[in-house]
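Student: I am new to this structure. Could you take me through it and say what each term rests on?

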Amino acid sequence: RVSSDGKPPKFQPPPKPVIIDRKTQKEEKRFLSPEFIPPRGRTDPLKYYIERKDMIQRRKVFNIPEFYVGHVLAVTTADPCASEKSKRFVGICIQRGGKGLGATFVLRNVIEDQGVEICYELYSPRIQAIEVLKLEKRLDENLMYLRDALPEYSTFDVNMKPVPRMAHEEIPVNKLQVRMKPKPWSKRWERPKYNIKGIKFELPEHKMKAAQKWSQPWLEFDMLREYDTSKIEEKIRKELSEELEK
Amino acid sequence: MMPIWTKSGEKHAVTLLKVQDCHVLRYVSKEESGGKTAKLLVGGKNVSPFSKPESAHEIFKEAGVPRKQKVTTFNVTDDAIIKPGTPLYAAHFRPGQFVDVTAKTIGKGFQGVMKRWGFKGQPASHGQTKTHRRPGAISTNKAAKVYRGKKMPGKMGNIYRTSFGLKVWRINTKHDIIYVNGSVPGHTNCLVKVRDSKLPTYKDCNKNPPFPTFFADGDEELPEDLFDEEIFQFTDPSVKFA
């Protein structure tokens, strides 16, 4: 296009690309909080259905964010004894336990050289806010070994600012290998029963071999232990999405 | 069992009891039964009629009701008599009431004296010869006999036991579920008898319950969930202390 002035044509930037986030929608739908999946047992499924109704009610009023073991969370709870009546605790989530309304998660932090672990109930009415400060999964689902690791791995700044989530991508897995304090530990983490991949074992070779004596290689082939939750999960996801949209 | 939170943030454990096809089967008057009050026979949980002989079917035929797995008696005053054949619902109880729950405890089989009666047993070492979980002495020298009722090993469990004074926190009228405070004897999905509490402290606790029972005629329309005043309902925002 030739302008009438004789100057070079004005630069027209290319049109902005329209990003259709199909992956994020799929991923958000795919996450199902582990406390919704009922355990294997002889209880009437009606009980789990009624419990789920209560859980959904609570989730409508109070936002429980998606989080895994290894995330750094800040939890504000109501406390009659504290000044300003609320307490804030920042820590790394080391364990998520319990099913149904009694679901819990344990946060760990080291404050003034003292390791502190607090177990919170997800559905307790005392909890006023749960913020996810840092999103990062670890190699294991249970980080109890942080108790025997060097304290630097469990210290998190209490006034940490939330790290923004990068464009709804997959949650990054931190392949950190943690260094441990000298033995004795609270549990023998080198044994195959715990199946821990996140520790840098600095033990001699013969001790690691001796620990393999307790391995049970037949367990992965045991068919009675299999609990296939895919169908149950789909039903629950449908139910959840229907109820939360209402 | 489920947790339940009060408005002050305290947690209580709660047992869910489902009222499954309960019908009144027969009315036995005071003179007939020979007791102090009239009795009502109530049956619960439908079961196939082929599991028991025909002779036991008479009660159910008279009341016009399918065969029930369990039949219990309730001592009832004359003004609380109900016609046989009426169904009983969970809405018979109201939140804030106190209740006694009876059931057969979990059967543990033949058990030793330490598990059954809580005896201390003997030390594990320091020269004990083959004696670690035995009862020890069973009587004195002067008695020259063993008293009746001496605690000894035997079959433990599978007997009726009652937990008294349990508070009713919540009632679900749609699915007929009663939320009762604390634990209840018996295994999951076992048959249980729920009765108004006999404890003297809870004599005057029943504030206007449905008397004689809740009739689902359609006159009274109850909401799906009935809560006690102190329960934290999940529709409210989080608890805050002033």
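Tutor: Start with helix 2 of chain A, where Leu46(A), Lys47(A), Tyr48(A), Ile50(A), Glu51(A), Arg52(A), Asp54(A), Met55(A), Ile56(A), Arg58(A) and Arg59(A) are buried. This is a predicted model, in which local features need pLDDT of at least 70, side-chain atom pairs count only at pLDDT 80 or more, and totals for chains, interfaces and linings use all residues. Residues are numbered from 1 along each chain as its sequence is written, chains are lettered from A and ligands numbered from 1 in the order written, and side-chain values use heavy atoms, without hydrogens and water.

Student: What makes Leu46(A) count as buried?

Tutor: Buried means under 20% relative accessible area, with exposed over 50% and partly exposed in between (1.4 Å probe, protein chains only). Leu46(A) is listed as buried, so its value falls under that cut-off.

Student: What covers the buried residues of helix 2 of chain A?

Tutor: The cover includes strand 5 (127-134) and helix 4 (230-245) of chain A. From chain B it includes strand 1 (2-5), strand 2 (11-18), strand 10 (160-172) and strand 11 (177-181). Contact here means heavy atoms within 4.5 Å.

Student: Why are strand 1 and strand 2 of chain A called a pair?

Tutor: Two strands pair if DSSP finds at least two bridges between them. Strand 1 (residues 72-78) and strand 2 of chain A have seven, antiparallel, so they pair. Val72(A) stands opposite Ile92(A) in strand 2 of chain A.

Student: What joins strand 2 of chain A to strand 3 of chain A?

Tutor: Five bridges, and the strands run antiparallel. Gly97(A) stands opposite Thr104(A). The two strands form a hairpin with six residues between them, and Gly98(A) in the turn has a positive phi of about 80 degrees.

Student: What makes strand 5 and strand 6 of chain B edge strands?

Tutor: Four strands of chain B form an open, antiparallel sheet in the order 5-4-3-6. Strand 5 (68-76) and strand 6 (87-88) each pair on one side only. Strand 6 of chain B is joined to strand 3 (residues 22-28) of chain B by two bridges, and Cys22(B) stands opposite Leu88(B).
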